[in-house]
Structure formats: C-alpha cells, structure tokens
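Here is a short report on one protein model.

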Amino acid sequence: MSIRWDALLTRQVARELDRELRGASLRAFRFDGAERDLFLLFDDRTLVWRLHPTRGAVLMRPPTVPAPADLAHRARVRRVYAPDDERLIRIELLPRRSGPPHDLVVELLGNQWNALVVDVSSGTVRHVLWSRDTGRGHRVGERYGVPAPQERVGFDGELDEAAWLALLQPVPPERRRRELVRRVAWTSPLNADYLLGTDTNRSDRDRLALGYERWRALVDGTALGAPVILEADGGPQPYPLSLPGIQAREATSILDAVERAARQTGTDDAPTEAPLLDPQLMRRLTDAKGRAERKLRLMEREQEQLGDEQAVRAIGDLILARYGEIEQGAESAVLTGFDGEEVIVTLDPAKPPHENASRHYREATRIERARERLPKLIDEVRAERDRLDGLLTRAQDGSAEPDEIRAALPRLETDTRGRPDETPLPYRVFRSSGDLEIRVGRGARHNDELTFKHSAPGDIWLHARHAAGAHVILRWHGPGNPPSRDLTEAATLAALHSRARTSGSVPVDWTFRKYVRKPRGAPKGAVVPDRVSTLFVRPDPALEKALARDGESG
C-alpha cells in the first residue's frame, strides 16, 4: 500500500526538505518515466522521488555520479515550500551560470503523482516525468498551470471558533466527517476523526469546540510533536503527529518516517548504501538478459523438434529405389518400403524424383549437424543467460558497479561471428546545449545504418526537407518532446549537413524515429517519415563548432 499524502504531511515534508536542501548544488536530473521515479543528483546526496501510485515516497540517498543519459542541470536550491493547504511541493532552482531559473514541481494529487521542471520566466514545461493530457500543461513545451486551489476555509488560519461551530454544528454527526474534509483547510480522511472527537462524555458542542482547539494547534504547529509512523488500516503511514486510537511508532523526522514506512512496504527495495544506477543502463542489462533467454528457448525448441536423420535419409533412398513408380509432377506417392510396408512420400511436384531424394539427403545432413552443434551452443547461451541474470541481481541489490555493467554489455554488441564490430561508426557525435547527444550521418550511404541500427524508437529523427543530406538523430529518452533549444540545434546540424547549407533559412522535418520506415526496394538513404513537424532554421557553422565533441565537426 502506498503512502497517502495530505496537505499537513506535504507541508511538513516540504519544511524538512527546505532545511536539508537549501543552498545545495544540483548537478543533474534523472527521469525514469517507466518506473515513475525522479532522481535529483546533488553534489553531496541524491534525492529520490518515487511517484508511482503503488509506491510513493521521497528518499535521501548517497551522491551518485551523473550518467550520460541524465539531464545536466547545474543549479542551487533557493528554497523548498508547499503552498498552503495543497498537496504540491516546489523546489526553486537558481542557475549556477547564465540562464533562466527553474522550479521543480512535485504534484501529489490523488493517484496522479507527477514531477515537472518549469521554466519560471516563460512558465513552460521543460521536462516532465510522464506526459498526459490534463488541459493544464503536462507535456514538454506546454505552459504549466498549477492545480486549482481547494479554496477551503481556514487555509491561512483565519477561522475562529464561532465560524467552526456554525459550519459543523448544523450538520448531522454522520455527515460531519465528509463536510469537514470538504470545507476546512488542512483536514483529510487521515485526521478527520481526531478533529471531530469521539468522547461521549462531552456534549456535542464541547466535542466540536475541542476539535477546533486541535485544528488550531495543527495549523499553528503547536500540536506537532515527534513525527510518527501510524499503523493504519492501509499500511504504515508517516504523519506529523500521533492520532488517538491508532498505534504509532516515533521517528526522528518526517523524512525518517517516510523512509521507514517505505522500507516496511517494500517501496524502498534497495539498501540505503546502494548506488543508484542509470535506468537506461538497467534496461539495457534487462533487455540483454531477455534476449539471451529468448535465444535459449529457440535453440531448445529447435533441438526438441529435430527429426530422425536416419528416417529422413531412408526416404531419399526409397525415392531413388522406386524411381520408376513415381509420376512426374506428383505431389505425393505411395511406395512400398524396404520392410514391405506402404509409405506415403510427400514430393515437390516441380522437381524430378532424384532432386526430391537429394532434398531429403540435405535435410538429413542438416539434422546431423544440428544435433552435433546445438548442445554446445545451448550450453554457451545458458551460461551467458546465467551470467547476465547474476549481474542483474547484483545490480538490483546494489553490489554491481555501473562500470562493471558497461564493461559486460559490449560482449553482446558483436557481429554474428562473435567478433567485435570494428567498423567506424556511421555518424559524427555532437552535444546540444542541454547535453543531449546528436548523431549526424557521415553520408548518404550511412543514413540507413544510422537511422535503423544506431537509434532507438523514442529518439528524434531529422532531415532537411527537399534537399539531399545527412539523417540526424537526437537521442531522447522522453517522455514528451525534447526541449525546443536542443531540437533547434539538431535541426541546424541537419541543415548544415545538407545541400541547402548555403540557404538563409532551411525547413527541417522531424519526427520520432519509430515513425520512420524504409519502403521495400527503396534506394539507400530513402525513407518515409510519418507524423512530421517542421522547423525553419538558419545554417550557422559557428553552432556546429560549438556543439562538436572531440573534433567531430570536421
């Protein structure tokens, strides 16, 4: 069961994060949309937001070295806060160098938790954990709209006892809980019973008056003692205070309570000291293990389905021995076998009997060779599968280092003869201002290889419209579209590496690589893109030099 967030818990978590992170230096973001995890990589720690509906938590971890796929973002935390009576946390980020400030917004509404990086100057979404159509900006490039405020009374503490009584006393007791949560700020299903009280020795008015005193203490913070982990019906629940009738265990801080509750529910499924691995690296390792398992299953199935080579060769012998009994063009023949029994033989009507016999001999030879080589190959693939499985297990429990995994993966990226492919890469490498990799094809004959062998379905494909030139791949791990600046820089490289490079303005088409297909029989470099958008860019040679990596601009 996931941790439940209300405005009171959100406020306390934001306050502790502010004390922990104010002034901290951020190095990069790591968005893992598949798992709904967000990592903030600081110089001295890593903050992990787990925002999947089944395992929401915020966890502090040791510092992690940014991976190539991470989003570089050098900034300093100005402050962390939660707007009054809202389940939303903002981390204000000031750039370490030039550039606009950004806010990281973590939404904890219902079970639609999300995280977005918002450009403060323009209000547009720069990055988002997972894109969805909400009508208020949950896609990259859209203008972000904050959730509509709850507009409950007392969010600023301006609610006196008389107004409290006037609001709740006329309501039948069985409906007060719902009315309280709907109308009064800082209340939730978690604390409603505590605020309404169940003391039958008091009059109805006295119980409501006591509830007001408790509510006032919550808003002012005077009721908050040591944070606790409530043993609620839905599982362990971190909370800023203990509640009557619910067993609770004290914690040293609200973040400690969240951590311990997450560990108890399995949300924190890695040791505290485990290094955080790049999700892309983990997926590559997982995919590699999956490929080995599929290859092993295919080989084992092939071994199980091998026929009897002696029986197949005997059919060839029988065809030659009964050559004169087989009609030309027949699809089958009933022949008397060497043991006197009738045998139905299937034939290729387009071939004479002696070629049908040769076909059976070739099949018998294939079975013999497969029977000899498959056991060894199966053992090799099984050993590779077991090696990858062990490495994946160690990666998941934190005992495998990223460099060890990277060193193991190239063994899988070999040609069909098992020797490393030493052919030079068919592209030049550049880096955008946002530190995204841009791959520019080395010529028309390399375009197909770049597009279909050296890119992922979620990458961005670009090409100058109506002009011969290089295919360009902007590596993008999503979700949503890439930042407009990085996309424009990739489009500029596509224009520069086309015959339109001398034009003042060049239209460049772009789409996700998964929407690019190669028609059957099309010449090299000819593809058909779908769902295309177009950018108009000015070919700027200075930009190519600025983005070049390791002299790749030449």
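## An open sheet

Six strands make an open sheet, in the order S15-S16-S18-S17-S19-S22, with antiparallel pairing. Strands here are DSSP runs of E, at least two residues long, and helices are runs of H or I of at least four, numbered from the N terminus. Two strands pair if DSSP finds at least two bridges between them. S15 (427-431) and S22 (533-537) stand at the edges with a single partner strand each, so one side of each has no neighbour in the sheet. Neighbouring strands are turned by 25° against each other on average, direction ignored. The angles are taken between axes, which are lines fitted to C-alpha atoms.

Inside the sheet, S17 (residues 460-464) and S18 (residues 472-474) pair over three bridges, in the antiparallel sense. Ile460 stands opposite Leu474 in S18.

## About the model

This is a predicted model: local features need pLDDT of at least 70, side-chain atom pairs count only at pLDDT 80 or more, and totals for chains, interfaces and linings use all residues. Residues are numbered from 1 along each chain as its sequence is written, and side-chain values use heavy atoms, with hydrogens and water left out.

## Two sides of helix H3

Which residues of helix H3 (residues 173-183) are buried? They are Arg176, Glu179 and Leu180. Buried means under 20% relative accessible area and exposed over 50%, with a 1.4 Å probe and protein chains only.

## Cavities

The whole structure holds two cavities of 30 Å³ or more. A cavity is a set of points on a 1 Å grid where a 1.4 Å probe fits but cannot get out; lining residues have an atom within 4 Å of a point. A volume is the space filled by probe spheres set on the points.

The largest cavity has about 200 Å³ of space. Of its 18 lining residues, Phe31, Ala69, Leu71, His477 and Gly478 are the closest to its centre. Strand S1 gives the most to this lining, with four residues. The second largest cavity has about 40 Å³. Its lining includes Ile326, Glu327 and Asn356.

Technical notes:
Axes fitted to C-alpha atoms, helices over the stretch in contact; angles between N-to-C directions. 1 Å grid on protein atoms, 1.4 Å probe; cavity = no way out; pocket = protein on both sides within 12 Å on 5 of 7 lines; lining within 4 Å.
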